[in-house]
Amino acid sequence: MTNGFTLICITLLGILFINQQLSRGITSPLIRLDNSIGEIENETLNPDIYIGGPKEVEHLGKTLQSYVQTIRELMDEVVEEQELKRQSELDALQSQINPHFLYNTLDSVMWMIEDQQNDGAVYMIKELAKLLRISISKGRTIIPIRDEILHAKSYMNIQNVRYKNQFDYRFEIDDDLLECSTVKLIIQPLLENAIYHGVQGMEDDGEIIVRGTTSDGMIFLDVIDNGYGMTQEQVNHLLDEDIEEENSTSKKGNGVGLRNVDSRIKMRFGQQFGLKIHSERGEGTRMRICIPYIPYEKEKDEFFKKSTKKS
């Protein structure tokens, strides 16, 4: 009787152990698959989808992995479409302003030649050639800050001749940021705004300063003028509206637009970066570009394109 009871107990324990192992073999894969779903809920870019366990659980894992891949591809397509849309907007804005700027510059060159100011005409053409060369930049979007500053200097040199030295300007750029990366053509629109909404019309007292500094892994590019300043409403308009009306581009020369500058910086580097404007009537204006401190490499442009698609 005792042996029979012992046998029953051993059998029950064996059944219990086997049942526990079978249960663990089912629940453990389900728990791991549930953890994979948790990674997706937490918006992990590349979730580790568990594939294993019983046939049914393995099938669920493969199906989930296929869905995640499809969603990732759709997100990449949406981001790419937005990038193409933004680039087309930039191209459209540049196509509106470039002919106007070129016309004014070449018109200045013509009157210099007619007035036999040949040295001045040659100077203007050289500065225009440098400006256009950097604008093209072999199709690159990310360029060294050194090139961006050269582009801005050429622009100001041309404008200074056109406005017959009505305002002073100077560049104060820390040397250690010159070989860092920046989105190209982001300073010129700020300079245009400083001229047209700031120092234009002042009697030889206008001043524009371009200042570049670094701090805590950040780069700050400031364009400061001592001009008439703007109301908060005007500042909000510059940042919240695309400057693309006839009287804002061809007449005001606002370039690619300050809002476009802000959005392109955010698109490449993140939402925490971009453009800030502080201005008061009669107190001048300070426009500040904030970008991360990243040493320049030609490969970085492609990196930023890829990282943009993932963000």
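Trainee: Is Asn 165 buried or exposed?
Mentor: This is a predicted model, and Asn 165 sits in the loop between helix 4 and strand 2. Exposed means over 50% relative accessible area. Asn 165 has 52%, so the label is exposed.

Trainee: What is phi of Asn 165?
Mentor: The value is positive, in a residue other than glycine. Phi of Asn 165 is near 60 degrees.

Trainee: Where is Gln 116, and is that residue buried or exposed?
Mentor: Gln 116 is in the loop between helix 2 (55-114) and helix 3. Its phi is also positive, near 60 degrees, and Gln 116 is not a glycine. Its relative accessibility is 68%, so Gln 116 counts as exposed.

Trainee: Is Asn 157 buried or exposed?
Mentor: Asn 157 lies in helix 4. Leaving out residues up to four places away in sequence, Asn 157 touches Tyr 123, Glu 127 and Tyr 169. Buried means under 20% relative accessible area. Asn 157 has 15% relative accessibility, so the class is buried.

Trainee: At what angle do the axes of helix 3 and helix 4 cross?
Mentor: Two packed helices are described by the angle between their axes and the distance between the axes. Take the distance for helix 3 (residues 118-136) and helix 4 (residues 145-162): the axes come within 9 Å. Their crossing is left-handed. The angle is roughly 145 degrees.

Trainee: How many nonpolar residues are in the contact of helix 3 with helix 4?
Mentor: Helix 3 contributes residues including Tyr 123, Leu 128 and Ile 134, and helix 4 contributes residues including Leu 150, Asn 157 and Val 161. By class, 4 residues of the contact are polar and 5 are charged. The nonpolar residues number 9.

Trainee: What is the order of the strands in the open sheet?
Mentor: The sheet has 5 strands, with mixed pairing. From one strand to the next, the twist averages 15 degrees. The order is 2-4-5-7-6.

Trainee: How many bridges join strand 6 to strand 7?
Mentor: Strand 6 (residues 274-280) and strand 7 (residues 284-292) run antiparallel. They form a hairpin with 3 residues between them. Glu 280 stands opposite Gly 284 in strand 7. The bridges number 7.

Trainee: Which residue in the turn of that hairpin has a positive phi?
Mentor: Look between strand 6 and strand 7, where 3 residues separate the strands. The phi there is about 80 degrees, and the residue is Gly 282.

Trainee: Which residue is the bridge partner of Ser 215 in strand 5?
Mentor: Strand 4 (residues 206-215) and strand 5 (residues 218-225) run antiparallel, joined by 8 bridges. Ser 215 is in that strand 4 range. Its partner in strand 5 is Met 218.

Trainee: Which residue of strand 7 stands opposite Ile 219?
Mentor: Strand 5 and strand 7 pair in the antiparallel sense, over 8 bridges. Opposite Ile 219 stands Ile 291.

Trainee: How many residues of strand 7 are buried?
Mentor: Strand 7 is mostly covered. It has 9 residues, and the buried ones number 7.

Trainee: Which residues have the most contacts inside the largest nonpolar core?
Mentor: That core has 54 residues. Helix 4 gives the most to this core, with 7 residues. The residues with the most contacts inside the core are Leu 191, Ile 208 and Val 223.

Trainee: Which residues does Val 223 contact, aside from neighbours within four places in sequence?
Mentor: Val 223 is one of the residues with the most contacts inside the core. Its contacts include Ile 187, Leu 190, Leu 191 and Ala 194. They also include Ile 208, Ile 209 and Val 210.

Trainee: What percentage of the residues in the protein chain count as buried?
Mentor: The chain has 9 helices and 7 strands. Its residues number 311. The buried share is 41%.

Definitions and conventions
Residues are numbered from 1 along each chain as its sequence is written. This is a predicted model: local features need pLDDT of at least 70, side-chain atom pairs count only at pLDDT 80 or more; totals for chains, interfaces and linings use all residues. Side-chain values use heavy atoms; hydrogens and water are left out. Two strands pair if DSSP finds at least two bridges between them. Helices (H or I, at least four residues) and strands (E, at least two) are DSSP runs, numbered from the N terminus. Axes are lines fitted to C-alpha atoms, for helices over the stretch in contact, and angles run from 0 to 180 degrees between N-to-C directions. A crossing is left-handed if the near helix is turned anticlockwise from the far one by less than a right angle, and right-handed if clockwise. Contact means heavy atoms within 4.5 Å. Ala, Val, Leu, Ile, Met, Phe, Trp, Tyr, Cys and Pro count as nonpolar, Asp, Glu, Lys and Arg as charged, and the others, Gly among them, as polar. A nonpolar core is a set of buried Ala, Val, Leu, Ile, Met, Phe, Trp, Tyr and Cys residues joined through side-chain atoms within 4.5 Å. Buried means under 20% relative accessible area, exposed over 50%, partly exposed in between (1.4 Å probe, protein chains only).
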